[in-house]
Amino acid sequence: MYAVSSVAARVDSDDQLARLLQIGIVLEEVVEARAHRHYQSLPVEERDEAIEELLSEASAESAEHRRRLESLVEDLDADSIPFEDVKELVAGSYGQTGPEDFDGVLYDQLHGEETAYKFYDDLIDAVEASDATFGVDREAVLETLRDIRHAEAEGVEEVAKLMEARA
Amino acid sequence: MNTADQYLKTIFLVEQLEDGPAATGELADRLGVSPASVNEMVGKLEDRGLVAHEKYKGATVTDDGEARAREALQTYCILERFLANVLDVDDFRAEARQLEPVIDETVADRLDMIIDREPQCPECFDAEADACGLLVEEGIEADD
């Protein structure tokens with residue numbers, strides 16, 4: 001009755017790789033949308049140039065990551081995801097869970113970037129642990145994922161610095 | 001989700017299904033590993049106080065193990081619901097099992113922000129169907 005499952009953290013097929021990249025796309029969409037909404041939701045007296053720049057860069061960077069991941073998924077010839085629906089869900093979720101003050105905004109941003117870093121770190125390990133041949137060049141996938149992971153690490157550092165400066 | 005948590009979740013579910021300890025063979029089948037691997041990991045979990053093991057009967061989660069198993073099950077439910085409801089994946093069970101080892105609980109918590117999960121989760125998990133009970137109900141309704 002049960003299909004064989006495995007405890008191995010390994011990416012063994014194009015379909016599996018594509019699905020994980022799609023999860024990455026959604027995570028980027030969440031960071032992108034929330035960074036944008038965060039700034040808009042802050043009371044005027046709590047806005048300043050540093051946070052405006054940080055959130056605007058974070059939003060643009062996530063959009064860029066999303067495009068790079070989408071391009072890999074396209075090359076894998078996988079089923080597309082209902083991206084407009086995803087956008088709506090992400091936008092709708094903000095109303096229920098969005099932070100309301102400056103510290104909450106920065107914490108949420110930090111958490112989003114840390115989570116993305118962890119996701120890419122685990123995904124890189126899982127690709128490296130596999131000897132499967134993918135429909136796209138393995139090194140190109142790893143290079144893209146490592147680039148993005150590096151950017152997430154820098155993002156975490158920038159938010160942490162801003163939080164320290166305000167503490 | 002790390003390997004230890006996958007084992008704890010599986011032991012917890014098999015215990016519910018069998019109404020008793022989870023046998024090594026059953027765990028090996030479900031996890032897709034050898035019985036020797038199961039015995040090794042069950043031994044490690046026993047050393048950490050998360051599982052009690054009785055020879056010839058099987059493994060049982062302790063209170064601490066059950067708490068971990070429930071958290072792991074919740075992470076798994078998030079993954080199933082995300083695949084089914086957000087990405088429109090038909091075979092969400094098989095995919096959730098495949099992806100489970102690669103998705104950390106912090107990542108699942110982030111995905112949880114955009115899915116409509118019920119507060120009683122993971123109590124309503126259907127161990128026999130190996131799926132979120134609500135998704136099973138939705139599936140049955142769709143088939144009618």
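1. The hairpin of chain B. In this predicted model, the hairpin formed by β1(B) and β2(B) has 3 residues between its strands, and B:Tyr56 there takes a positive phi near 70 degrees. Strand β1 covers residues 51–54 of chain B and strand β2 covers residues 58–61, and the two pair in the antiparallel sense over 4 bridges. Across from B:Val51 stands B:Val61 in β2(B).

2. Positive phi at B:Tyr56. This residue sits in the loop between β1 and β2 of chain B. B:Tyr56 is not a glycine, although its phi is positive at about 70 degrees. Is B:Tyr56 buried or exposed? B:Tyr56 has 7 C-beta neighbours inside 10 Å, so it counts as exposed; the cut-off for exposed is 12 or fewer.

3. Positive phi at B:Asp19. A second case is B:Asp19, a residue other than glycine whose phi is near 55 degrees. B:Asp19 belongs to the loop between α1 and α2 of chain B. B:Asp19 counts as exposed because 6 C-beta neighbours lie inside 10 Å.

4. A cis peptide bond. Which two residues of chain B are joined by a cis peptide bond? They are B:Cys121 and B:Pro122, with omega at about 5 degrees. B:Pro122 is placed in the loop between α6 and β3 (125–126) of chain B.

5. The two domains of chain B. The domain assignment divides chain B into domain 1 (3–66) and domain 2 (74–143). Taken over C-alpha atoms, the centres of domain 1 and domain 2 of chain B are separated by 22 Å. Each domain brings 5 residues to the contact between them. On the side of domain 1 of chain B that touches domain 2, there are 2 nonpolar residues, 2 polar residues and 1 charged residue.

6. The fold of chain A. What does chain A contain in the way of helices and strands? Chain A has 5 helices and 0 strands, giving the pattern α-α-α-α-α along the sequence. The C-alpha trace of chain A spans about 55 × 30 × 30 Å along its principal axes. Chain A has 167 residues, of which 35% count as buried. If one takes the contacts in chain A between residues at least 6 apart in sequence, 86% of them join residues at least 24 apart.

7. One buried residue of chain A. A:Val73 is part of helix α2 (residues 49–75) of chain A. There are 22 other C-beta atoms within 10 Å of A:Val73, so this residue is buried; the cut-off for buried is 20 or more. Apart from neighbours within four places in sequence, A:Val73 is in contact with A:Ala18, A:Leu21, A:Gln22 and A:Ala78. A:Val73 and A:Ile25 are 48 residues apart along the chain, and 9.8 Å separates their C-alpha atoms.

8. The largest nonpolar core. This core has 81 residues, and the members that touch the most others are A:Leu20, A:Leu21, B:Leu8, B:Ile11 and B:Leu79. Helix α1 (residues 14–41) of chain A gives the most to the core, with 12 residues. Domain 1 (3–66) and domain 2 (74–143) of chain B both give residues to this core, and therefore the core lies between them. Not counting residues up to four places away in sequence, A:Leu20 touches A:Val11 and A:Leu123, and also B:Leu99 and B:Val102. In soluble globular proteins, nonpolar side chains tend to be buried together.

9. Where the chains meet. How many residues of chain B are in contact with chain A? There are 24, and they are in contact with 29 residues of chain A. Four helices of chain B, namely α1 (3–18), α2 (24–31), α5 (92–99) and α6 (105–112), each supply at least two residues of the side that touches chain A. Of these, α5(B) gives the most, with 5 residues. By class, this side of chain B has 12 nonpolar, 5 polar and 7 charged residues.

10. Confidence. The scores of the model are ipTM 0.86 and pTM 0.88. For chain B the mean pLDDT is 89, with 97% of residues at 70 or more. Which part of chain B has pLDDT under 50? Residues 140–144 do, and for them the model has 0 contacts beyond four places in sequence. Where pLDDT is low, the predicted coordinates should not be read in detail.

Methods. Residues numbered from 1 in each chain as written. Chains lettered and ligands numbered in written order. Predicted model: local features only at pLDDT ≥ 70, side-chain atom pairs only at ≥ 80, totals over all residues. Contact = placed C-beta atoms within 7 Å. Nonpolar A, V, L, I, M, F, W, Y, C, P; charged D, E, K, R; others polar. Core = buried A, V, L, I, M, F, W, Y, C linked by C-beta atoms within 7 Å. Domains from an automatic or database assignment. pLDDT = per-residue confidence, 0-100. Pairing = 2+ DSSP bridges.
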